[in-house]
Amino acid sequence: MKFQSLFRSTQRLGNNILKRNVSTGAEAMLPSKDAKIENMRLRQHLALSYRLLDEMKLNEGTCNHITVMAPKQDGSGDEVMLLVPGFMKTGGGLDWGQVTASSLLGLNPDGGVEEGEGEPE
C-alpha cells in the first residue's frame with residue numbers, strides 16, 4: 001500500500017541508539033495508559049495526517065493548524081500540544097510532506113517548547 005511507509009517513525013533512545021517504531025492494526029487505534037507510548041502513538045497519527053494532507057494537495061506549505069493534545073513523554077501527568085515547528089535552526093518551517101513523529105514539538109500551556117526542537121509558528 002502506498003501510504004504504509006508513511007506510518008513509520010524513528011525514536012531516539014539512550015546512548016543514541018535508534019529504534020524503529022511501527023504501529024499497525026489495533027495497536028494504532030487503541031490509547032495506551034503508558035504516557036510515553038501514548039505520546040508516540042499520537043505523534044505518529046498527527047505526522048501521518050500531515051503527510052496524507054500533503055499527498056492529497058490539501059496543504060498550505062509550512063503553515064500549520066493541525067494539533068493534538070498528548071500526555072508528556074516524561075509521564076508527569078501533564079499534557080503538551082503537539083504541532084509542527086514553524087521555524088527551525090536551518091531556517092524556515094517544515095514542509096507537511098516531511099513531518100515525522102520525532103519532528104513534532106510539544107508545547108506547554110504557556111506556549112513554551114517542552115519536547116522537540118524548533119520554534120512554534
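The structure is a predicted model, in which local features need pLDDT of at least 70 and side-chain atom pairs count only at pLDDT 80 or more, while totals for chains, interfaces and linings use all residues. Residues are numbered from 1 along each chain as its sequence is written, and side-chain values use heavy atoms, with hydrogens and water left out.

The protein contains two helices and six strands. Read from the N terminus on, its elements follow the order β-β-α-α-β-β-β-β. Helices (H or I, at least four residues) and strands (E, at least two) are DSSP runs, numbered from the N terminus. Of the 121 residues in the protein, 36% are buried. Here buried means under 20% relative accessible area, exposed means over 50%, and partly exposed lies in between (1.4 Å probe, protein chains only). Among contacts in the protein with a separation of 6 or more, 52% are between residues 24 or more positions apart, a contact being heavy atoms within 4.5 Å.

A polar atom of the Asn39 side chain lies 2.7 Å from the backbone oxygen of Pro71. The side chains of Asn39 and Gln73 are joined by a polar contact of 3.2 Å. Such a contact is a pair of N or O atoms within 3.5 Å; within protein, one must be able to donate a hydrogen and the other to accept it, and residues adjacent in sequence count only if both atoms are side-chain atoms. Not counting residues up to four places away in sequence, the residues that Asn39 touches include Lys72, Val80, Leu82 and Glu115.

The charged residues come next. Side chains of opposite charge can pair when their charged atoms come close. The whole structure holds five salt bridges, each defined as a side-chain nitrogen of Lys or Arg within 4 Å of a carboxyl oxygen of Asp or Glu. One of them pairs Glu115 with Arg43, with 2.8 Å between the closest N and O atoms. Glu115 is in strand 6 (residues 113-115) and Arg43 in helix 2, so this pair ties together parts that are 72 residues apart in sequence. Both Glu115 and Arg43 are buried.

Glu114 forms a salt bridge with Lys72, at 3.1 Å between the closest N and O atoms. Because Glu114 lies in strand 6 and Lys72 in the loop between strand 3 (68-71) and strand 4 (79-83), the pair ties together parts that are 42 residues apart in sequence. Glu114 is partly exposed at 39% relative accessible area, whereas Lys72 counts as buried at 13%.

In a further salt bridge, Lys89 and Glu117 have their closest N and O atoms 3.5 Å apart. Lys89 and Glu117 are both exposed. Salt bridges with shared partners also join Lys72, Asp74 and Glu114 into one network.

Glu79, finally, is found in strand 4 and is partly exposed, with a relative accessible area of 45%. Leaving aside neighbours within four places in sequence, Glu79 is in contact with Met69, Ala70, Pro71, Lys72 and Leu107.
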